[in-house]
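These are my notebook entries on what I looked up, written for a reader who is new to such models.

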Amino acid sequence: MRILFALALMLLCTSCAYAAQELHHDLVTVCPSVVQISPDSLRLSGTINPIDGSISSMAGKFRLVTNDNDAHYDFIVMSQVQTSDGGLQNAYYLDVNAGDSIILVNTAVDKLPSRANIDNIKSGNPKADLNPNAIAYPISSSISSEFESITKSNDAAYSGVHYKVKNGSAQSGIVSQSLGINPNFGTYSLSDDEPGTYEAIVTLSAYAKP
């Protein structure tokens, strides 16, 4: 009788035992890739000496911050100038004497140089009377030590001559371009370059790769 009772009790207890139930929730969110570009310690304005065309120290500096890298982005520095033809021309070019250079133009509407004037500067044999109100200066490009490299390239997708920055694994760094003091030969003349504001637009952009 005891055995039967014990078996009956055991069966009763077994029938009351349920497997533990569990429910899982996966909390999922996405952190998107982002790039922030801002000015850093700019020396964007200067004064041209009207006698010889020399300028005070000028440089453009960008701070690039990203949680991604150049495997997914092309970081591109471009420069353009406005012309009287109503279009934008690449301000970068390779001067036969000065090397890497940039063109600045008089921004007054009635003093803008033509595309032909810009082409004369890039021709390899510039003459100041054929490129009035456009002045070229040597330019040097650099990056802070955190970044990997900055190299000059030529690609129509980026308006021709441009500079490509590789940040490697660094998430923050500085990209700089500095102008030389003296104008390139054949691009400045007291009698041909009129008073006014001379400008080139320099842009650092991030292009997502497909």
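Predicted model: local features only at pLDDT ≥ 70, side-chain atom pairs only at ≥ 80, totals over all residues.

Residues are numbered from 1 along each chain as its sequence is written, and side-chain values use heavy atoms, with hydrogens and water left out.

I then searched for aromatic pairs, which are rings of Phe, Tyr and Trp (its six-membered ring) with centres within 6.5 Å, called stacked if the planes are under 30 degrees apart, edge-to-face if over 60 and tilted for the rest. The count by this rule is three aromatic pairs. One of them joins Tyr-73 and Phe-75, which are stacked at 5.8 Å centre to centre with 15° between the planes. Phe-75 is buried too, its relative accessible area being 0%.

I also found Tyr-92 and Tyr-163 with ring centres 5.0 Å apart and planes at 85°, so this pair is edge-to-face. Tyr-92 belongs to strand β5 (residues 92–95) and Tyr-163 to strand β9 (residues 160–166), so that the pair links distant parts of the chain, 71 residues apart. Both Tyr-92 and Tyr-163 are buried.

**Entry 2, salt bridges.** How many salt bridges does a search of the whole structure find? It finds two, a salt bridge being a side-chain nitrogen of Lys or Arg within 4 Å of a carboxyl oxygen of Asp or Glu.

Asp-74 pairs with Lys-209, the closest N and O atoms being 3.6 Å apart. The two residues are 135 residues apart, with Asp-74 in strand β3 (residues 73–82) and Lys-209 in the segment after β12 (201–208). Asp-74 counts as buried at 15% relative accessibility, whereas Lys-209 is partly exposed at 33%.

Asp-100 pairs with Lys-152, with 2.6 Å between the closest N and O atoms. Asp-100 lies in strand β6 (residues 99–106) and Lys-152 in strand β8 (residues 149–155), so this bridge ties together parts that are 52 residues apart in sequence.

I counted two helices and twelve strands, which are DSSP runs numbered from the N terminus (helices H or I, at least four residues; strands E, at least two). Of the 210 residues, 37% count as buried.

Notes:
Buried < 20%, exposed > 50% of the residue type's maximum accessible area, 1.4 Å probe, protein only.
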